[in-house]
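Subject: Handing over a structure, with notes

Dear colleague,

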Amino acid sequence: EISMSWEEESPASGEAAAALQLYAQSAVLMDGDSGRILYEKDGYAVMPMASTTKIMTCILTLEQGNLDDEVKISSYAASMPRVRLGMSTDDTFRLRDLLYSLMLESHNDSAVAIAEHIGGSVEGFAEKMNQKAKELGCKDTYFITPNGLDAEKEIETADGGKQTAAHSTTAADLARIMSYCIKRSPKKEDFLDITRTASYSFSNLEGNRSFSCSNHNVFLNMMEGALSGKTGFTGKAGYCYVGALERDDRTFVVALLACGW
């Protein structure tokens with residue numbers, strides 16, 4: 001279990017860190033085995049994280065869902081903006097197939113269909129996401145959507161007031177979630193199998209539509225030992241990435257937020 005304090009100063013803070021030039025406004029490099037942060041650049045700044053959100057959507061579905069379930073598509077799921085699978089309310093899918101759509105192509109409609117199936121509604125699924133984040137020790141993460149589209153929500157404060165919360169996390173929290181997905185979750189092998197798949201094809205259960213997905217995580221072919229990862233982009237979040245690599249019997253996790261627009 002990860003027991004380190006997330007407030008401790010990174011070993012790479014100071015002059016060495018200042019000398020490292022990054023496009024990312026916020027970044028963390030974590031030892032995936034211990035949870036120790038090896039480097040951070042504003043790693044505790046609360047920021048939107050776009051489709052890197054989907055690693056939480058995926059791991060929750062693997063842990064709480066039955067991948068053989070049939071998922072009927074709602075009008076709300078079908079109305080999601082690009083990037084999307086292009087599903088309609090006439091479609092029914094196997095839950096397993098939607099996870100490949102979610103993680104390989106980052107389809108926003110598949111994320112909502114999955115959330116509604118597992119949580120009863122997007123709001124119900126977001127509650128599960130936030131509960132899981134707390135269980136993992138994430139202190140500055142708030143999920144509103146299962147796909148990472150920019151969103152805000154009015155929430156009640158401890159003193160009974162109201163405040164506006166955004167769909168957001170920190171690079172440190174995001175790295176912690178990825179570390180859990182690949183190292184500690186009881187469904188870690190399933191998560192790795194899905195996110196490392198190069199391509200995947202499936203049909204709706206009606207058998208009248210076929211779909212093909214290709215993995216857009218080019219990092220998998222860029223570095224020896226690359227394990228998994230997820231890209232993301234929205235207007236507020238900019239380009240984001242979370243990924244993991246295994247080398248010399250050690251696991252490293254990187255989280256990058258706001259890498260440019």
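**Notes on the structure**

Ala258 lies in the segment after strand 11, where strands (E, at least two residues) and helices (H or I, at least four residues) are DSSP runs, numbered from the N terminus. Phi of Ala258 is near 55°, which is a positive value in a residue other than glycine. Ala258 is also buried, with a relative accessible area of 2%; here buried means under 20% relative accessible area, exposed means over 50%, and partly exposed lies in between, with a 1.4 Å probe and protein chains only.

Before going further, please keep in mind that this is a predicted model, in which local features need pLDDT of at least 70 and side-chain atom pairs count only at pLDDT 80 or more, while totals for chains, interfaces and linings use all residues. Residues are numbered from 1 along each chain as its sequence is written, and side-chain values use heavy atoms, with hydrogens and water left out.

**The chain as a whole**

The secondary structure of the protein chain comes to eight helices and 11 strands. The radius of gyration of the chain, taken over C-alpha atoms, is 18 Å, close to the 18 Å that the globule rule (2.2 Å times the number of residues to the power 0.38) gives for 261 residues, so the chain is as compact as a globular protein of that length. Along the principal axes, the C-alpha atoms fill a box of roughly 60 × 50 × 35 Å. Of the 261 residues, 52% are buried. Where contacts (heavy atoms within 4.5 Å) have a separation of 6 or more, 63% of them are between residues 24 or more positions apart. The accessible surface, computed by the Shrake-Rupley method with a 1.4 Å probe, and for residues with only the protein chains shown counting as cover, comes to about 12,100 Å², of which 46% belongs to carbon and sulfur atoms.

**Covered helices**

Which parts of the chain are covered? Helix 4 (residues 95–105) is largely enclosed by the rest of the structure, because 10 of its 11 residues are buried. Among these buried residues are Leu95, Asp97, Tyr100 and Glu105, and just after helix 4 Ser106 takes a positive phi of about 65°. Helix 2 (residues 54–64) is mostly covered as well, with nine of its 11 residues buried, including Lys54, Met56 and Cys58.

Asn130 lies in helix 6 (residues 122–135) and is buried, with a relative accessible area of 12%. The C-alpha atom of Asn130 is separated by 9.6 Å from that of Met56, although the two residues are 74 residues apart along the chain. Leaving aside its neighbours within four places in sequence, Asn130 is in contact with Thr141, Tyr142 and Phe143.

Strand 5 (residues 152–156) and strand 6 (residues 162–166) pair in the antiparallel sense over five bridges, where two strands pair if DSSP finds at least two bridges between them. The bridge partner of Ile155 in strand 6 is Gln163. This hairpin has five residues between its strands, and in it Gly160 takes a positive phi near 90°.

Strand 7 and strand 8 likewise pair in the antiparallel sense over five bridges, with Ser203 standing opposite Ser210 in strand 8. Their hairpin has six residues between the strands, and Gly207 in it takes a positive phi near 80°. Strand 7 (residues 199–203) has a covered face, made of Tyr200 and Phe202, and an uncovered one, made of Ser199, Ser201 and Ser203.

**Loops and surface**

Met222 lies in the loop between strand 8 (210–214) and strand 9 (226–234) and is exposed, with a relative accessible area of 60%. Together with Val218 and Met223, Met222 forms a nonpolar patch on the surface, with about 320 Å² of accessible area in total. Patches are made of residues with over 30% relative accessible area and no salt bridge, with like charges joined within 9 Å and nonpolar side chains (Val, Leu, Ile, Met, Phe, Trp, Tyr) within 5 Å; a salt bridge is a side-chain nitrogen of Lys or Arg within 4 Å of a carboxyl oxygen of Asp or Glu.

Asp248 is found in the loop between strand 10 (238–247) and strand 11 (250–257). Its phi is near 55°, again a positive value in a residue other than glycine, and at 68% relative accessibility Asp248 counts as exposed.

With best wishes
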